[in-house]
Amino acid sequence: MAVQPLISQFHYSATPKPTPFSLHPCRCLSASSLSNPNDTSPPSQPSRPTTAANATGLNDPLPPAMTSPSLASDSFLVERILSSLKQGRLKFFNSNIIFRLSPLDIVEVLCRCRENLQTGVKFIDLVSFNCPNFRHSTLSLSAMIHMFVRSRRASDAQALILRMVRKSGVSRAEIVDSLISSYDRCGSNLGVFDLLVRTFVQARRLRDASEVFLLLKSKGFCVSINACNGLLGGLVKVGWVDLAWEIYEEVLSSGILVNVYTLNIMINALCKDGKIENAKSFLMEMKGKGVFADTVTYNTLTNAYCHHGQVEEAFELVSLMLSKGLKPGLFTYNAIIKGLCRKGRYGRAKQVLQEMQQIGLSPDTNSYNTLLVECNRKDNIVDAEQLFNEMSSRGVSFDLVSFSSVIGVLARNGHLDRALMYFKNMSAVGLVPDSVVYTILINGFCKTGIMSQALKMRDEMLEQGCIMDVVTYNTVLNGLCKENMLHEADELLNEMVQRGVLPDFCTYTTLIHGCCKSGNMDRAVALFDTMIQKNLKPDIVTYNTLIDGFCKERDMERANELWRDMITRNLSPNHISYSIIINGFCSVGCVSEAFRLWDEMVKNGIEPTTVTCNTVIKGYCRSGDASKADEFLKKMVARGMVPDNITYNTLIHGFAKEDKMDKAFFLLNKMADQGILPDVISYNVILDGFCRQGRMEDANLLYQKMIERGVGPDRSTYMLLINGHISQDNLKEAFRFHDEMIHRGFAPDDKF
């Protein structure tokens with residue numbers, strides 16, 4: 001995580017230290033020099049007497065800051081170089097004499113050439129050509145940088161700044177001091193400091209750029225507002241908003257005039273920091289400085305409002321823009337469309353698209369893609385295809401998002417033929433399907449159980465050079481597990497590992513679920529252990545899947561072990577966990593243990609669901625105690641539980657199993673009275689009981705009531721009635737139901 005740097009780390013004195021060379025209290029680029037930061041004219045200097053010796057600037061000695069008793073330039077060599085440059089004797093520079101040059105000699109030559117830029121630059125080029133590996137000092141590099149800046153060779157100057165920055169052991173303070181100490185003698189301009197800050201920003205060394213800015217300010221030098229904006233923009237872009245605001249305050253205190261670019265950068269900072277409410281006061285503050293919001297300002301705010309779900313505020317901004325004579329553009333409307341879709345207001349977003357067209361603004365690919373993505377999310381096939389066709393008719397370019405959205409909504413809803421049609425049309429518009437598009441289609445085939453086509457699409461994907469990532473592998477694995485193709489799933493897992501794609505949490509939970517579904521619990525546990533070894537922490541869903549698998553295998557001991565392990569790992573069971581294990585104990589007749597867990601669930605603040613209640617009712621009924629199940633249901637209804645079809649069907653089946661048919665029939669009528677429509681299962685359970693008891697008249701009446709209530713009989717209904725009448729030697733009625741059964745399209749039992 002990026003650490004937010006603070007200006008307080010730098011602690012530079014605002015008062016410039018005394019220097020051996022003359023400085024103004026604060027030198028800033030003027031408005032005129034902003035238009036030409038590479039101005040070759042020297043900056044204004046403190047007045048000093050002009051003598052014959054210094055009139056040309058060729059005989060000025062280095063100032064004390066640039067020399068020391070132990071280090072001095074070779075004056076004889078410097079004179080020979082200057083003479084050779086003046087006379088054009090360039091062969092001199094091919095001799096061994098040039099190799100006697102020291103960094104201070106270079107500084108002296110360049111200072112003496114301050115009034116003749118062409119000669120100075122020629123000297124730098126000759127040294128660079130003949131001595132490419134010359135070991136420059138920070139001071140000699142600084143002198144060369146000044147010369148290049150004055151000669152408008154900014155890229156060469158920047159290359160030298162980078163060389164100086166990368167020079168081992170050189171601090172930002174040394175670089176700044178070196179450039180300042182050579183500033184006056186080289187007749188430089190303030191553009192050099194602009195370039196210094198810009199170079200650090202472009203190199204993404206924003207902390208260093210901030211430090212350099214503050215160093216320059218502390219020494220009385222200011223950079224242009226353009227350089228300041230570059231620094232502020234860089235800081236905001238990487239999220240160092242606090243530092244950006246501190247630099248902004250330093251810019252203001254330096255007297256540098258801010259502009260609309262500064263305004264937009266700092267508005268973006270407010271939006272990034274989630275402080276949109278402060279934007280209004282900031283705009284007023286900038287207005288007081290003579291800086292007014294423009295289209296970019298309003299677009300930034302509109303986008304921020306939409307991002308935070310404040311779409312109505314965004315609409316108000318659009319109205320404000322229009323009142324100020326500013327014209328909202330594509331960016332504005334696209335932001336609003338996206339904001340509306342995020343809020344689930346797809347219909348209004350579509351209206352905005354139409355409004356754009358009415359005012360003569362042509363929606364672009366992003367406009368349509370936002371709506372297409374929302375259609376995909378909402379399974380709105382009709383609108384997705386309509387929008388896609390509208391894009392085509394209006395000549396709006398398609399991209400991968402456009403196609404993947406339409407293909408996705410079609411494939412997910414089983415319209416694979418139409419999805420493939422769009423897939424094949426991609427090449428017609430010059431688009432190549434990527435891994436995402438292939439994965440969408442593979443998922444569509446997996447969902448519909450057409451694994452042969454899914455695997456064929458996967459092979460085509462590899463042939464086209466697309467790389468299968470973990471998402472694609474997981475999609476295919478899920479399809480294989482759903483179709484109980486566990487051997488193929490294991491082979492794919494091995495291939496996945498061999499190709500260097502690391503299985504993730506989803507991979508293992510998918511395979512575990514597949515194994516549990518097929519009853520292969522040993523393999524499921526092995527995968528679970530591998531998952532833990534790879535430091536992939538199982539979640540509540542993983543445990544629920546395994547516990548459910550063991551419950552279905554009636555292995556409550558192993559289910560209990562997993563339950564305890566889940567608790568040990570600080571995973572709290574949810575209502576699904578309790579429903580699974582309560583159902584497991586009820587299935588094996590351990591109703592007392594099921595109720596212990598029920599009480600624990602309630603104690604833990606988990607409200608019983610209808611599913612959990614149905615589980616307990618089933619447990620009672622399986623234990624032959626339907627009356628207790630009925631009492632339990634009454635208690636749960638009193639607590640607010642709403643019974644469903646399964647609740648009543650389970651109770652009806654329990655009473656019918658105990659031959660308490662009157663109670664079962666009573667529950668059937670009660671079910672209907674409470675607005676819960678009995679289904680064919682409800683009727684078949686009671687029919688079975690009546691037929692077993694030989695109460696065929698009651699069975700026939702119940703069958704008639706079933707038909708009157710619009711519940712269609714199934715094959716089991718007819719077989720129960722036929723067998724019931726046969727047991728009573730009533731073959732006429734048996735044949736009547738047999739003929740009706742055939743008429744309804746059900747095949748009779750061969751034994752009949």
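This is a predicted model: local features need pLDDT of at least 70, side-chain atom pairs count only at pLDDT 80 or more; totals for chains, interfaces and linings use all residues.
D548 counts as partly exposed, at 22% relative accessibility. This value lies between the limits of 20% and 50%, and therefore D548 is classed neither as buried nor as exposed.

Both residues of this pair belong to helix α28, which covers residues 540–552. D548 and K552 are four residues apart, about one turn of the helix.

## Other salt bridges

Side chains of opposite charge can pair when their charged atoms come close. The structure holds 37 salt bridges. Some of them share partners, and in this way R172, R205, D208 and E211 are joined into one network.

Which parts of the chain does the salt bridge of E495 and R458 tie together? The side chains of E495 and R458 meet at 2.2 Å, N to O. E495 lies in helix α25 (residues 486–498), whereas R458 lies in helix α23 (residues 451–463), so the pair ties together parts that are 37 residues apart in sequence. E495 is buried, with a relative accessible area of 19%. R458 also counts as buried, at 11% relative accessibility. Because buried means under 20% relative accessible area, E495 at 19% falls within that class.

A further salt bridge joins the side chains of K275 and D273, with a distance of 3.3 Å from N to O. Are these two residues buried, exposed or partly exposed? K275 is partly exposed, with a relative accessible area of 35%. D273 is partly exposed as well, with a value of 33%.

## Aromatic pairs

A pair of aromatic rings is described by the distance of the centres and the angle of the planes. The count for this structure comes to 21 aromatic pairs. One of them is formed by F528 and Y543, whose rings are 5.3 Å apart from centre to centre, with 75° between the planes. The pair is edge-to-face, because planes over 60 degrees apart are placed in that class.

F528 lies in helix α27 (residues 521–533) and Y543 in helix α28, 15 residues apart, and the pair links these distant parts of the chain. F528 counts as buried at 5% relative accessibility, and Y543 counts as buried at 0%. The rings of F595 and Y620 also have their centres 5.3 Å apart, but their planes stand at 50°, so this pair is tilted. F595 lies in helix α31 (residues 591–603) and Y620 in helix α32 (residues 610–622), so the pair ties together parts that are 25 residues apart in sequence. Y620 counts as buried, at 15% relative accessibility.

Ring pairs also link F388, F398, F403 and Y422 into a cluster.

## A charge over a ring

R736 lies over the face of F737, at 4.4 Å from the ring centre.

## Two packed helices

Two packed helices are described by the angle between their axes and the distance between the axes. How are helix α36 and helix α37 placed, roughly parallel or roughly antiparallel? The axes of helix α36 (residues 680–692) and helix α37 (residues 696–708) come within 8 Å and cross at roughly 165°. That angle makes α36 roughly antiparallel to α37, because angles over 145 degrees count as roughly antiparallel. The crossing of α36 and α37 is left-handed.

Technical notes
Residues are numbered from 1 along each chain as its sequence is written. Side-chain values use heavy atoms; hydrogens and water are left out. A salt bridge is a side-chain nitrogen of Lys or Arg within 4 Å of a carboxyl oxygen of Asp or Glu. Buried means under 20% relative accessible area, exposed over 50%, partly exposed in between (1.4 Å probe, protein chains only). Helices (H or I, at least four residues) and strands (E, at least two) are DSSP runs, numbered from the N terminus. Rings of Phe, Tyr and Trp (its six-membered ring) pair if their centres lie within 6.5 Å; planes under 30 degrees apart count as stacked, over 60 as edge-to-face and the rest as tilted. A charge sits over a ring if NZ of Lys or CZ of Arg is within 6 Å of the ring centre and within 35 degrees of the ring normal. Axes are lines fitted to C-alpha atoms, for helices over the stretch in contact, and angles run from 0 to 180 degrees between N-to-C directions. Angles under 35 degrees count as roughly parallel, over 145 as roughly antiparallel, 65 to 115 as roughly perpendicular and the rest as oblique. A crossing is left-handed if the near helix is turned anticlockwise from the far one by less than a right angle, and right-handed if clockwise.
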